[in-house]
Amino acid sequence: TLKPASGMGYGFNLKALYEMDYLRVDFYLGGVAGGGSDSNMGIFSTDLSVNWLFSLTNFSPYAGAGVGFGSIYVKADGFDAVKGGPILTMNGGVEMFRLYSTRLIVGVRAILPLFQLSDGGDDRWVPGLLTEVSFVW
């Protein structure tokens, strides 16, 4: 069994969005990778998400979900695998400066793969939880 792990990973994302009063549609392309001396992990994905904005003010919390395609690799505890396939995403956070042309979005993103990684008959489901800060203009 893989041990639960957390650590600092670094990545990138490109995000295009279309926003209405209470609804935001995001197209996301990005990835993150990180790890220590004996383990590492990476998640790369592209998806389309729909987010509900709870307020019409400058600071609005949001929550949403999406579907897409992702690729995950893991090398830890003798387990070494990479695989890609369909994913579900769950998003939440705060969008700041909504009434201006430049915005700041701080959020959390859960990537839930609809597939398992396999290494010699050892199958494991490996979700990801990412924090992100996005500047939108």
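Residues are numbered from 1 along each chain as its sequence is written, and side-chain values use heavy atoms, with hydrogens and water left out. Because the model is predicted, local features need pLDDT of at least 70 and side-chain atom pairs count only at pLDDT 80 or more, whereas totals for chains, interfaces and linings use all residues.

**Overall fold**

The protein has 0 helices and 9 strands, where helices (H or I, at least four residues) and strands (E, at least two) are DSSP runs numbered from the N terminus. Its C-alpha atoms fill a box of roughly 50 × 25 × 20 Å along the principal axes. Of its 137 residues, 36% count as buried, buried meaning under 20% relative accessible area, exposed over 50%, and partly exposed in between, with a 1.4 Å probe and protein chains only. The accessible surface, computed by the Shrake-Rupley method with a 1.4 Å probe, comes to about 8,000 Å², of which 65% belongs to carbon and sulfur atoms.

**The sheet**

An open, antiparallel sheet is formed by 7 strands in the order S1-S2-S3-S4-S5-S6-S9, two strands being paired if DSSP finds at least two bridges between them. Strands S1 (9-19) and S9 (128-136) are its edges, each pairing on one side only. Within the sheet, S3 (residues 40-53) and S4 (residues 59-76) pair in the antiparallel sense over 14 bridges, and Asn 51 stands opposite Gly 64 in S4.

**Surface patch and two residues**

Phe 12, Leu 14, Phe 27, Leu 29, Phe 44 and Leu 48 form a nonpolar surface patch with about 570 Å² of accessible area together. Such patches are made of residues with over 30% relative accessible area and no salt bridge, nonpolar side chains (Val, Leu, Ile, Met, Phe, Trp, Tyr) being joined within 5 Å and like charges within 9 Å; a salt bridge is a side-chain nitrogen of Lys or Arg within 4 Å of a carboxyl oxygen of Asp or Glu. S1, S2 (23-35) and S3 each supply at least two residues of the patch.

| Residue | Strand | Relative accessible area |
|---|---|---|
| Leu 29 | S2 | 37% |
| Pro 61 | S4 | 39% |

Leaving aside neighbours within four places in sequence, Pro 61 is in contact (heavy atoms within 4.5 Å) with Trp 52, Leu 53, Phe 54, Gly 93 and Val 94. Pro 61 and Ala 16, by C-alpha positions, lie 19 Å apart in space and 45 residues apart in sequence.
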